[in-house]
Amino acid sequence: RGWQDRPMSEPTSSPPAPDSVDLDTVRRVAGGIHEAITTVIEGKDEVVTTAVTVLLAEGHLLVEDVPGVGKTMLAKSLARAIDCQVSRVQFTPDLLPSDITGVSVFNQDTRQFEFRRGAIFANVVVGDEINRASPKTQSALLETMQEGTVTVGGDVSVLDQPFFVLATQNPIEQEGTYPLPEAQLDRFMFKVVVGGLDREELNEVVSRTILRQSIELPVVLDGPGILGIRKTLDKVVVADPLRDYAVRLVLATHPDNDEAPEGIRQFVRWGASPRA
């Protein structure tokens, strides 16, 4: 069945991470996910590559652009290519934090409070138009994205792994949007801008629409497979010069750094954090 039709079953404890796989398997699986998504998303190879990279690198992805360029389709396609529990949250101004994290409800029969899990209890969480909800609701994701836990009423629940947030947002200039808090922006590994299509790509999209071509995405990877790949990537050696380059790159974004470019000191208020 389609990923949106799968019932929200009660999450169980995460299975132990499988043994790591070889790098050839990592390349093959990553290529398979990329190929599956590009059968639906036309002309966005770089965006798709970034999305797959973030998934395997234990990060979260923010996709931004004007309405109608395929942000939600990209998120849905990536979710379909992964055999995991998927939850989609449509962010609206009236959405409450408890709709995301869950809420304790008093059971009249047992005379006790029961915790009803929210939409965040899934492996892949698709947050559609995340900046149309209030900053209070947006902040409900802060703990989950960094620590993988949910705290409600003093009780801490650990989310199943893998856990991946793929959020879409409209430019802040769009009507009815709220700016994302800096603390939440910092929890996304990448923000990608989808961009428009050229003439040939747009003709292909229109042809598919006219012919009502339905494309069935194959399932390329499951949850234990993602954990195995991540375990392999944890063993990749980062050379000292490469690590130092990344450190210098982050420091160059700080306006108070003497080595920062003039444009940074002039136009940037805060630089990248150590999380970057």
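Is E64 buried or exposed? E64 counts as buried because its relative accessibility is 15% (buried is under 20% relative accessible area, exposed over 50%, partly exposed in between, with a 1.4 Å probe and protein chains only). The model is predicted: local features need pLDDT of at least 70, side-chain atom pairs count only at pLDDT 80 or more, and totals for chains, interfaces and linings use all residues. Residues are numbered from 1 along each chain as its sequence is written, and side-chain values use heavy atoms, with hydrogens and water left out.

E64 lies in strand 1 (strands are DSSP E runs of at least two residues, helices H or I runs of at least four, numbered from the N terminus). A polar contact of 2.5 Å links its side chain to that of Q169 (a pair of N or O atoms within 3.5 Å, one able to donate a hydrogen and the other to accept it; residues adjacent in sequence count only if both atoms are side-chain atoms).

Now the cores. A nonpolar core is a set of buried Ala, Val, Leu, Ile, Met, Phe, Trp, Tyr and Cys residues joined through side-chain atoms within 4.5 Å.

| Core | Size | Members include |
|---|---|---|
| Largest nonpolar core | 33 residues | I33, L55, L61, L78, F164 |
| Another core, apart from it | 23 residues | F121, V125, V152, L180 |

I33 touches V52, L55, L78, A81, V220 and L221, leaving out residues up to four places away in sequence (contact means heavy atoms within 4.5 Å).
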